Amino acid sequence: QVQLVESGGGLVQAGGSLRLSCAASGRAFSSYAMGWFRQAPGKERETVALINWNGGSTYYVDSVKGRFTISRDTAKNRVDLQMNSLKPEDTAIYYCTASRTYRDYRPEYWGQGTQVTISS
């Protein structure tokens, strides 16, 4: 069992930065791939970034490449998403997720979500 709690969302101006954090509980955390998803109003949920169990592999959706960085600290049971050069289209609820597999990522656990709002 893995429980996920996000923090760090908020309201920032376009061009600004935010850092989302996901605190994970559960002994199996280190074996899970982790990821951030987002859902904007009226849009489908999309994968933003993924990281494998040891942090050696990452994936980013094209729209955030070069601006977002996903990282994990297994000792602290935490996964972060550093978001720079934010755009209004990044506005969404961001969810932390955990999956037993990385290459065929299928979220098994979800956090409650944190709102990110970017003003133009």
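What share of the contacts in the protein chain with a separation of 6 or more comes from residues 24 or more positions apart? The figure is 56%, where a contact means heavy atoms within 4.5 Å.

Before I go on, this is a predicted model, in which local features need pLDDT of at least 70, side-chain atom pairs count only at pLDDT 80 or more, and totals for chains, interfaces and linings use all residues. Residues are numbered from 1 along each chain as its sequence is written, and side-chain values use heavy atoms, with hydrogens and water left out.

Now the fold. The protein chain has 11 strands and zero helices; these are DSSP runs numbered from the N terminus, helices being H or I of at least four residues and strands E of at least two. The radius of gyration is 13 Å, close to the 14 Å that the globule rule gives for 120 residues, so the chain is as compact as a globular protein of that length. That radius is taken over C-alpha atoms, and the rule is 2.2 Å times the number of residues to the power 0.38. Of the 120 residues, 43% are buried, meaning under 20% relative accessible area with a 1.4 Å probe, protein chains only.

Next, the disulfide. The structure holds one, defined as a pair of cysteine sulfur atoms within 2.5 Å. Cysteine 22 is joined to cysteine 96, with S to S at 2.1 Å. Cysteine 22 sits in strand S3 (residues 18-25) and cysteine 96 in strand S9 (residues 92-99), so the pair ties together parts 74 residues apart in sequence. The link is left-handed, at -80 degrees about the S-S bond. Cysteine 22 is buried at 0% relative accessibility, and cysteine 96 is buried at 0% as well.

Conventions. Buried means under 20% relative accessible area, exposed over 50%, partly exposed in between (1.4 Å probe, protein chains only).
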